[in-house]
Amino acid sequence: MATPMPGALPISSLAFVVLALTALYLLVLGACALLRPAMARGFLLGHASSARLHYLELALRLLVGAALLVRAPAMPWPQAFTVAGGVLVGTTLVPWRRHQAFARRTVPQALRFLPMLGVASLGLGAGLLYAIVAG
């Protein structure tokens, strides 16, 4: 078994940090959607607007998905978090042009429900934060 480098965090601790930052992101996004809807719209519309942003989103999605897969066994509702992590990891295989076309078609429609998306984001962020702390 490999010995970790001095000062290095165990993978489970790194996954905890990634998920805590994800929960914070969801909470901020939810608050922004409710309090600054124009800013939230612009942010959400920009996700698949360029190849660079697409690959950044994919890398973050892969990182969060992997963190969920690592931490899920220790969290409440482990099956749900394992499925969510698997979906996030699996959807990193979507090519940019397909992602861009999907986003152009669906994001404007979803933005009609921005207040509900804000509430859902707050709920998901709070739920994720609870799950990682309780786990």
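Me: What covers the buried residues of H1?
Reply: This is a predicted model. In it, the cover over the buried residues of H1 includes helix H2 (37-45), helix H3 (51-71) and H6.

Me: Which residues of H1 are buried?
Reply: In H1 the buried residues are Ala15, Val18, Leu19, Thr22, Ala23, Leu26, Leu29, Gly30, Cys32 and Ala33.

Me: How far apart are the end C-alpha atoms of H1?
Reply: They are 36 Å apart. This agrees with expectation, because 25 residues at 1.5 Å a residue should span 36 Å.

Me: Now the surface. Which residues make the nonpolar patch?
Reply: Leu9, Ile11, Leu14, Phe16, Val17, Leu21, Leu24, Val28, Val70, Leu129 and Val133 make a nonpolar surface patch of about 970 Å².

Me: Which element gives the most to it?
Reply: H1 does, with seven residues.

Me: Take Ile11, then. Is Ile11 buried or exposed?
Reply: Ile11 lies in helix H1 and counts as exposed, because its relative accessibility is 60% and the cut-off for exposed is over 50%.

Me: And what does Val17 count as?
Reply: Val17, also placed in helix H1, counts as partly exposed because its relative accessibility is 39%.

Me: Which residues form the aromatic cluster?
Reply: Trp77, Phe81 and Tyr130 form one aromatic cluster. Phe81 counts as buried because its relative accessibility is 14%.

Me: Finally, the whole chain. How many helices and strands does the chain have?
Reply: The chain has six helices and zero strands. Its C-alpha trace spans about 50 × 30 × 30 Å along the principal axes.

Me: How much of the chain is buried?
Reply: Of its 135 residues, 29% count as buried. The chain exposes about 8600 Å², and carbon and sulfur atoms supply 75% of that area.

Me: What about contacts between residues separated in sequence?
Reply: Among contacts between residues at least 6 apart in sequence, 78% join residues at least 24 apart.

Definitions and conventions: Residues are numbered from 1 along each chain as its sequence is written. This is a predicted model: local features need pLDDT of at least 70, side-chain atom pairs count only at pLDDT 80 or more; totals for chains, interfaces and linings use all residues. Side-chain values use heavy atoms; hydrogens and water are left out. Patches are made of residues with over 30% relative accessible area and no salt bridge: like charges are joined within 9 Å, nonpolar side chains (Val, Leu, Ile, Met, Phe, Trp, Tyr) within 5 Å. Accessible areas come from the Shrake-Rupley method with a 1.4 Å probe; for residues, only the protein chains shown count as cover. A salt bridge is a side-chain nitrogen of Lys or Arg within 4 Å of a carboxyl oxygen of Asp or Glu. Helices (H or I, at least four residues) and strands (E, at least two) are DSSP runs, numbered from the N terminus. Buried means under 20% relative accessible area, exposed over 50%, partly exposed in between (1.4 Å probe, protein chains only). Rings of Phe, Tyr and Trp (its six-membered ring) pair if their centres lie within 6.5 Å; planes under 30 degrees apart count as stacked, over 60 as edge-to-face and the rest as tilted. The expected span of a helix is 1.5 Å times one less than its number of residues. Contact means heavy atoms within 4.5 Å.
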